[in-house]
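Have a look at the model first, then read on.

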Amino acid sequence: MSDLVPLTGEPLALDLVNTRPTAGDLLATPDDLRAWWALQADRLPDQVPHAVTAADLASVRAVREHTARALDHVRRGDEPLAADLDALNQAQRAAPAINELVWNGSAVASTRSRHGSPGLRLAAFLAETAAELLVDPAVTRIRECEADDCVMLFLAAHPRRRWCSATRCGNRVRVARHYQRNKAR
């Protein structure tokens, strides 16, 4: 992964979309995906695999692109492209989630799991989180950071929030405004 640290803490589908900052792609290589997976490990059902393949990366990047386009439309109240919705549905079908039933010695227990390669399972889970976000009424509160050089998205919990991160972009914008005001003097 590049020196730029991914923005995390937003809904998982937004964190995935936010791996495309203006400075490059944070999921450019299988190792980048593995690092991002480790960063998000507490929010993902599967353990980070020892090796991530190029096919795993391609599956996740495809989900990211379709999610980004669908979110761009839906958050503005527009109809998303059918191809993007179909691709997200297809990603979920590639590794469907099932509730596996087992006897634990005293009762039937259920564990939600997916079958397939680690990358297909991750892509399916991320497509599922994208689907959940796309149907959530809060999707209309998703905004793009107002910093000139930032394309990050965030779910505004407060109506006055303007930046993806107060410490990342907010400070940069405030320092630049301060510099411009004092430069004129």
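A residue counts as buried when its relative accessible area is under 20%. Keep that cut-off in mind as you explore this predicted model. C145 has a relative accessible area of 5%, so C145 is buried. C150 is also below the cut-off: its relative accessibility is 10%, and therefore C150 counts as buried too.

How many disulfides does the structure hold? The count is zero. A disulfide is a covalent bond between the sulfur atoms of two cysteines. To count as one here, the two sulfur atoms must lie within 2.5 Å. For C145, the nearest cysteine sulfur belongs to C169 and is 3.7 Å away, and C145 is in no disulfide. For C150, the closest cysteine sulfur is again in C169, at 3.7 Å, which is too far for a bond.

## Two helices that cross

Two packed helices are described by the angle between their axes and the distance between the axes. The crossing of helix 4 with helix 5 is left-handed.

Which residues make the contact? From helix 4 come L85, L88, A91, Q92 and A94, while helix 5 brings L120, A123, A124, A127, E128, A130, A131 and L134.

Methods: Residues numbered from 1 in each chain as written. Predicted model: local features only at pLDDT ≥ 70, side-chain atom pairs only at ≥ 80, totals over all residues. Heavy atoms only, no water. Left-handed = near helix turned anticlockwise from the far one by under 90°. Helix = DSSP H or I, 4+ residues; strand = E, 2+ residues; numbered from the N terminus. Contact = heavy atoms within 4.5 Å. Buried < 20%, exposed > 50% of the residue type's maximum accessible area, 1.4 Å probe, protein only.
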